[in-house]
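Here is a short briefing to read alongside the model. Have the sequence and the 3D view open, and follow the residues as they come up.

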Amino acid sequence: MKRGFQTILSLGYAILMVALFVIFFLKGDTYRYQIAIGGIICGLIPFALDKFLKIRFTLPFIISYFAFLIASQCLGSMLGLYSLGWWDTPFLHLLSGALISFLAVDLMEKFTTDQSRSEMSAWFIFLYVLSFGVFGGVLWEIYEFSADQFIGTTTQGGGNFDTMTDLVADTVGALIIAIWVARRSKVKTIK
């Protein structure tokens with residue numbers, strides 16, 4: 001992807017979060033201004049990776065990354081949409097499964113050659129992308145469980161039901177992207 005679009009999205013989101021930080025700080029809303037600080041950091045990650053390490057992401061990944069940030073930080077946390085029963089699960093977890101799957105595609109394109117990808121079967125690509133996306137969801141649930149156990153947070157308010165529905169939604173998001181990527185790949189299928 002061209003450098004400009006990633007930079008524009010990254011800096012634009014960070015600037016939005018700076019503005020929200022100032023607004024919430026002046027109002028004394030400590031909950032929301034702390035989220036804005038996290039948003040500034042999250043927004044600047046793609047910019048910093050590009051600027052200092054020359055790492056650029058594919059368009060689907062970078063768009064899904066910022067869609068997830070907007071949905072989780074701005075709409076979910078700041079506007080309170082997490083109170084809607086469907087916002088976290090299935091919506092955000094479906095989106096995060098897709099996001100992590102796009103990261104899998106991005107990494108595959110960065111760490112393999114065109115020649116090696118042309119020799120991969122569509123089934124292998126499907127399984128790789130699906131597995132990567134599901135594994136990302138599993139890691140997130142381990143984080144939530146650990147935070148609840150050791151720090152005393154309540155991220156898994158629904159217990160086992162919350163965890164399993166989150167994992168199902170992550171899997172569905174990853175499955176959608178894995179099917180799409182496998183179908184669009186111009187590689188040989190398993191015979």
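**Aromatic pairs, core and charges**

The count of aromatic pairs comes to 15, where rings of Phe, Tyr and Trp (its six-membered ring) pair if their centres lie within 6.5 Å. This is a predicted model, in which local features need pLDDT of at least 70, side-chain atom pairs count only at pLDDT 80 or more, and totals for chains, interfaces and linings use all residues. Residues are numbered from 1 along each chain as its sequence is written, and side-chain values use heavy atoms, with hydrogens and water left out.

**Rings**

- A pair of aromatic rings is described by the distance of the centres and the angle of the planes; planes under 30 degrees apart count as stacked, over 60 as edge-to-face and the rest as tilted.
- Trp 86 and Phe 91 make an edge-to-face pair, 6.5 Å centre to centre with 75 degrees between the planes.
- Trp 86 is partly exposed at 47% relative accessibility, and Phe 91 is partly exposed at 34%. Here buried means under 20% relative accessible area, exposed over 50%, and partly exposed in between (1.4 Å probe, protein chains only).
- The pair of Tyr 128 and Phe 132 is tilted, because the ring centres are 5.9 Å apart and the planes stand at 55 degrees.
- Both Tyr 128 and Phe 132 belong to helix 6, 4 residues apart, or about one turn of the helix. Helices (H or I, at least four residues) are DSSP runs, numbered from the N terminus.
- Tyr 128 is partly exposed at 24% relative accessibility, and Phe 132 is partly exposed at 26%.
- Tyr 13, Phe 57, Phe 61, Tyr 65 and Phe 66 are linked by ring pairs into a cluster.
- At Trp 180, the charged end of Arg 184 sits over the ring, 5.0 Å from its centre. The rule asks for NZ of Lys or CZ of Arg within 6 Å of the ring centre and within 35 degrees of the ring normal.

**Nonpolar core**

- The largest nonpolar core has 32 residues, and Met 17, Met 78 and Val 129 touch the most other members. Such a core is a set of buried Ala, Val, Leu, Ile, Met, Phe, Trp, Tyr and Cys residues joined through side-chain atoms within 4.5 Å.
- Helix 3 supplies the largest share of this core, 7 residues.
- Met 78 touches residues including Met 17, Leu 20, Phe 24 and Ile 35, leaving aside those up to four places away in sequence; contact means heavy atoms within 4.5 Å.

**Ser 101**

- Ser 101 lies in helix 4 and is buried, with a relative accessible area of 0%.
- A polar atom of the Ser 101 side chain lies 2.9 Å from the backbone oxygen of Gly 97.
- Not counting residues up to four places away in sequence, Ser 101 touches Val 129, Gly 133, Ala 174 and Ile 177.

**Salt bridges**

- The whole structure has 4 salt bridges, each a side-chain nitrogen of Lys or Arg within 4 Å of a carboxyl oxygen of Asp or Glu.
- Arg 56 and Asp 50 form one of them (3.0 Å, N to O); Arg 56 is partly exposed at 31%, whereas Asp 50 is buried at 1%.
- Lys 110 and Asp 106 form a salt bridge (2.8 Å, N to O), and both lie in helix 4, 4 residues apart.
- Asp 114 bridges to Arg 117, with the closest N and O atoms 2.3 Å apart; Asp 114 is exposed at 58%, while Arg 117 is buried at 16%.

Definitions and conventions. Helix = DSSP H or I, 4+ residues; strand = E, 2+ residues; numbered from the N terminus. Polar contact = N/O pair within 3.5 Å; in protein donor to acceptor, adjacent residues only side chain to side chain.
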